[in-house]
Amino acid sequence: MGYGNTDAGGTSAEPCTPAGGEPEPSDSLRTFGAVVQALREHAGLAREEFAARVGYSRHTVASIEQGRRMPDLDFVERAESALGDTGALRRAAPHLTRRPGLASWFRRWARLEGEAVTLWTYECRVIPGLLQTEAYARAVTAAVPPVKDAQQVDQLVRARLERQRLFDRRPPIAFSFIVEQSLLERGTGGPEVTRELLDHLLERSTQFNVDLQIMPLHQPDHAGFDGPLMLLESPENKWFGYAEGQRGGMLIADPKEVSITLQRYAKLRSQALTPDDSRSLLKRLRGAP
């Protein structure tokens, strides 16, 4: 997901790093699978017998029960009929999410994102995932070791792009992004990828709930020397922070440390170009159509 200094200090941050930092199934899929298994066992059905009743292979049923596979609508309906029509699976199915491309240490933050009323992001390493184009996401994903095959790249890119549904959520989220100018001039993916990215950023910056600011190359007074940071406000108006490193991330929940992170972001906003000046810079970097 990215690189940066994640040392927020002491009790301020809760580590969210599994061994190896590998992606895991979503919590909603695991919970749904556990319910299917519990209902099946309560009905006295072996997995093979249940599989035969719903018309799916034993392997598919096992994958669903273990949270590794998204059930389709046919499975949900057939499982309901086979397990007593409790309605539990039918009600749970709309809330399932499949986000295997997000590392497990990021998924807790991603869940908070889904309910946020405010979301702020400062980045100095890579264009934030919420603002990436597919081509840029592919270039970034393929560039970072270990080497990935095409299927792995597809999975990671899909997960990153799925997060962008947040822009269309109702009620809307108030977004703020601060992005270093150097990231726009790095040329990641080549000239065409960069040009498409600049067009995309210009389009996003016109969205009513998005503030996009560019941190200029020359800014001696800079509050972001400790690395990237993210902040969000929950529906209960509680703030959380997030700091990320190469192989893990930390959720910041301690009010004192969240306050420090808010202060840093406020300073960064005052140091970056205004949204209007940022758009002008994007247009200059974009050049002639």
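A residue counts as buried when its relative accessible area is under 20%. By that cut-off, strand β6 (residues 239-244) is mostly covered, with five of its six residues buried. The model described here is predicted.

**Strand β6 and β5**

- Strand β5, which spans residues 229-233, pairs with β6 in the antiparallel sense, and four bridges link the two.
- One of the residues placed across from β6 is Met230, whose bridge partner there is Tyr242.
- β5 and β6 form a hairpin, and five residues lie between the two strands.
- In the turn of this hairpin, Asn237 has a positive phi of about 65 degrees.

**Strand β6 and β7**

- β6 also pairs with strand β7 (residues 249-252), again in the antiparallel sense and over four bridges.
- Gly241 stands opposite Ile252, a residue of β7.

- Thr118 belongs to strand β2, which covers residues 118-123.
- The relative accessible area of Thr118 is 11%, so this residue is buried.
- The side chain of Thr118 makes a polar contact of 2.7 Å with the side chain of Glu233.
- Leaving aside residues up to four places away in sequence, Thr118 touches Leu231, Leu232 and Glu233, as well as Ile173, Ala174 and Trp239.

Notes:
Residues are numbered from 1 along each chain as its sequence is written. This is a predicted model: local features need pLDDT of at least 70, side-chain atom pairs count only at pLDDT 80 or more; totals for chains, interfaces and linings use all residues. Side-chain values use heavy atoms; hydrogens and water are left out. Buried means under 20% relative accessible area, exposed over 50%, partly exposed in between (1.4 Å probe, protein chains only). A polar contact is a pair of N or O atoms within 3.5 Å; within protein, one must be able to donate a hydrogen and the other to accept it, and residues adjacent in sequence count only if both atoms are side-chain atoms. Contact means heavy atoms within 4.5 Å. Two strands pair if DSSP finds at least two bridges between them.
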